[in-house]
Amino acid sequence: MSDPEGGSPLNRLSWLRSSYSFLNAVAASSKARWLVSNAGQQLVSIPASNPSEKAAIAQLTTSQVKALLGPEPYFGQGKDDGRTLTADEVISVTESARHRGVRVVFLGLLDTLSSLNALPTSDFTDPERAVAKLEGIPYFALDIGELGVDADAFLTEVKDVAQVLSWAEPRGLLMGLQLDKVSLALFGEARSMVDWNQRNKFCPACGSPTFSQWGGWKISCSTLLPWADNAGKKPCPTGKGLHNFAHPRTDPVVIMIAIDETGDKVLLGRGKKFPGKFYSALAGFIEPGETFEDSVVREMWEEAGVKVWDVTYHSTQPWPFPANLMIGFYARADSSQPIRLDLDNELMDARWYTRAEVLEVLNHTLGTKILASDQKKFAEVENGKTSADAEKPAEPVVVDEPPFRVPPTTAIAGVLIREWAHGKLQLPARTVKGNL
């Protein structure tokens, strides 16, 4: 990923999410495309004519996923199957309600973001005419895992003679492929939003089941539906004030590299979950009451026992595992001071590397490769099945293996490392050592 700060090309049309006429119309469009996952694994495709080509994010048509969606309408569902909301049922908690079937997320429209395509809500009094005026591809996402659908049977049902479909481990998919900007934007948004919907099936205030609104972007308590049977129940607290919806979350994470005072060394660490000799930037969640800079200083001390100063922002990257925003920084540190790993015990190792050592890895054919075996280990750790630092039989030695490996540029850590190594940074003039 050469552009970690994003620049998503999607027009999310957020002001139209509350219009079930709009959502139903674009979902039924022949232009609509669907990203499908299975308990987190992403559906990918490879051209049947060239099986050696790298996998891409699969994009299915509405007809291919229609059996998964249940009866129409897909959005603005009324009390009974097969009909939309009646006039007296249209209230704030039923806007674009989908309270039956698998949860669906409207990702947005891939267009030129021109003002001609930015249709107002009022245009959708005649949905078919309005959708005809939209230029671009509407995208949706869903996960079949909660439906209990046989994943292999589903692949057979949607088989395309031109494509070979399969399921891919998402972390390995993102780090192992050079996805284009559109695919990155679609995957990141879909992964985070589908996961958020799956994690919020019950109301945090009263424990009742929840349902989806606004094309998957809002979640409400089912006791607020106008036809809900609430006899003997206390009113749900989410029905009052500004807390009647659960909003999608984004968790900020600082990710940083310490550079020594000469500018020729960087500190990299190997997490206990990392496979093989895989070193990367250090990272950690921002805690309440902290600035970004405070968090960088704290995390560097907790993970490696290193005091840093001159914290400098670089860029950000959405990281949908499940909904992080990685905020990249550089900082200065004294490489002559000892490294400590005994504070929070998150790292297996941390050390200073010279520019020459890092360039040797970057120039190696395997220096930034995420191998299939690595992807398997990431998946095992993600699913809690094993630990990458557990005792394992020795693996076969790879001929001409690099001394260590670093992340590819599909991850912001790889961008931070590469830009320092190639001298592309313009850091501020050094201040007094330890000026925090």
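Trainee: In this predicted model, which residue forms a salt bridge with Arg 249?

Mentor: Side chains of opposite charge can pair when their charged atoms come close. For Arg 249, the closest N and O atoms of the pair are 2.7 Å apart, within the 4 Å that a salt bridge requires. The partner is Asp 251.

Trainee: Is Asp 251 buried or exposed?

Mentor: Arg 249 has a relative accessible area of 54% and is exposed. Asp 251 has a relative accessibility of 16%, and the cut-off for a buried residue is under 20%. Asp 251 is therefore buried.

Trainee: How many residues apart are Asp 264 and Arg 355?

Mentor: Asp 264 and Arg 355 form a salt bridge whose closest N and O atoms are 3.5 Å apart. The pair links distant parts of the chain, with Asp 264 in the loop between strand 10 (251-260) and strand 11 (265-271) and Arg 355 in helix 8 (residues 355-362). Asp 264 is partly exposed at 35% relative accessibility, and Arg 355 is partly exposed at 22%.

Trainee: What is the relative accessible area of Asp 349, which pairs with Arg 351?

Mentor: The salt bridge between Arg 351 and Asp 349 has its closest N and O atoms 2.6 Å apart. Arg 351 is partly exposed, with a relative accessible area of 38%. Asp 349 is buried, and its relative accessible area is 17%.

Technical notes. Residues numbered from 1 in each chain as written. Predicted model: local features only at pLDDT ≥ 70, side-chain atom pairs only at ≥ 80, totals over all residues. Heavy atoms only, no water. Salt bridge = Lys/Arg side-chain N within 4 Å of Asp/Glu carboxyl O. Buried < 20%, exposed > 50% of the residue type's maximum accessible area, 1.4 Å probe, protein only. Helix = DSSP H or I, 4+ residues; strand = E, 2+ residues; numbered from the N terminus.
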